[in-house]
Amino acid sequence: MNRRKIRTAAALAAILALAGLTGCGMFGQNKSTAEGRIGDTIETDFYEFTVNRGYLCDEFEGRPASEGTELLVVDVTVRNTFNSTIPMSDWDFQAQWGEDDDDEAYAFPITSDPDTGEEIPAVSEEQLPYEYELAIDEMVQGLLVYEVPAGYDDFSISAQDTYSDGTTGDTYFVYFMAERQ
């Protein structure tokens, strides 16, 4: 587990402990999947998010896509709906493409090295930070940038509830077709 996930898990554990919640209690009893489209507000146990727009490009703010890939730029809005400040990361949002049974067809934002988990500086002030906190009812809007294989148009952005005991709950998907720029 990379350092960001350990820090996020520890912070979330502290939040849930203070709130008196457990992964098997109030939340996460019945795992399910929720789906939406561009513009839909998706409600998780801790926050809500909206995918406002997604597009593909060969270069974003001076950062070129690697050979055989494109950059998927996704504009999202996230609002804390929990009863205390929550730790967030752009890695809370994963991009998927291709067939459902392809376990390799996903990416995390380009703000960290996929092998080591080490933070890589954002290339734009518009990008959501690698790590950040959202106060109660605080909302942020920003960009998530992913490197994806060239040739795909249909994508989804997903998020999953994770609890203090390490269990996971519901998974949320927003499906969209990315336009080329």
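Contact here means heavy atoms within 4.5 Å of each other. Keep that in mind for the tour below.

## What you're looking at

This is a predicted model, so to speak of local features we need a pLDDT of at least 70, and side-chain atom pairs count only at pLDDT 80 or more, while totals for chains, interfaces and linings use all residues. Residues are numbered from 1 along each chain as its sequence is written, and side-chain values use heavy atoms, with hydrogens and water left out.

pLDDT is the predictor's confidence in each residue, from 0 to 100. The chain averages 85, and 83% of the residues score at least 70. Residues 1-29 are another story: pLDDT stays under 50 there, though the model has 50 contacts beyond four places in sequence for this stretch. Where pLDDT is low, the predicted coordinates should not be read in detail.

## The overall build

The chain comes to 1 helix and 14 strands. Helices (H or I, at least four residues) and strands (E, at least two) are DSSP runs, numbered from the N terminus. Of the 181 residues, 45% count as buried; buried means under 20% relative accessible area, exposed over 50%, and partly exposed in between (1.4 Å probe, protein chains only). Take the contacts with a separation of 6 or more, and 67% of them come from residues 24 or more positions apart.

## Strands side by side

Two strands pair if DSSP finds at least two bridges between them. β9 runs antiparallel to β8, over 2 bridges, and A107 is the bridge partner of A95.

Elsewhere, β7 and β10 run antiparallel, joined by 4 bridges; P87 has E133 in β10 as its bridge partner. That residue sits on the uncovered face of β10 along with E131, whereas Y132 and L134 make up the covered face.

## The nonpolar cores

A nonpolar core is a set of buried Ala, Val, Leu, Ile, Met, Phe, Trp, Tyr and Cys residues joined through side-chain atoms within 4.5 Å. The largest one has 33 residues, and those with the most contacts inside it are Y47, F49, L72, V74, V78, F93 and Y146. Among the elements that give two or more residues to this core are β3 (47-57), β6 (69-80) and β11 (139-149). A second, separate core has 9 residues, including A65, V73, L143 and V145.

## Two loop residues

T44 is found in the loop between β2 (41-43) and β3, and T44 is buried, with a relative accessible area of 9%. The T44 side chain reaches the backbone nitrogen of F46 at 3.1 Å and the backbone oxygen of Y47 at 2.7 Å. Not counting residues up to four places away in sequence, T44 touches F49, T81, D161 and Y172.

A150 lies in the loop between β11 and β12. Is A150 buried or partly exposed? At 42% relative accessibility, A150 counts as partly exposed. Leaving aside neighbours within four places in sequence, A150 is in contact with G68, T69 and E70. The C-alpha atoms of A150 and D58 are separated by 9.4 Å, with the two residues 92 apart along the chain.

Terms used:
A polar contact is a pair of N or O atoms within 3.5 Å; within protein, one must be able to donate a hydrogen and the other to accept it, and residues adjacent in sequence count only if both atoms are side-chain atoms.
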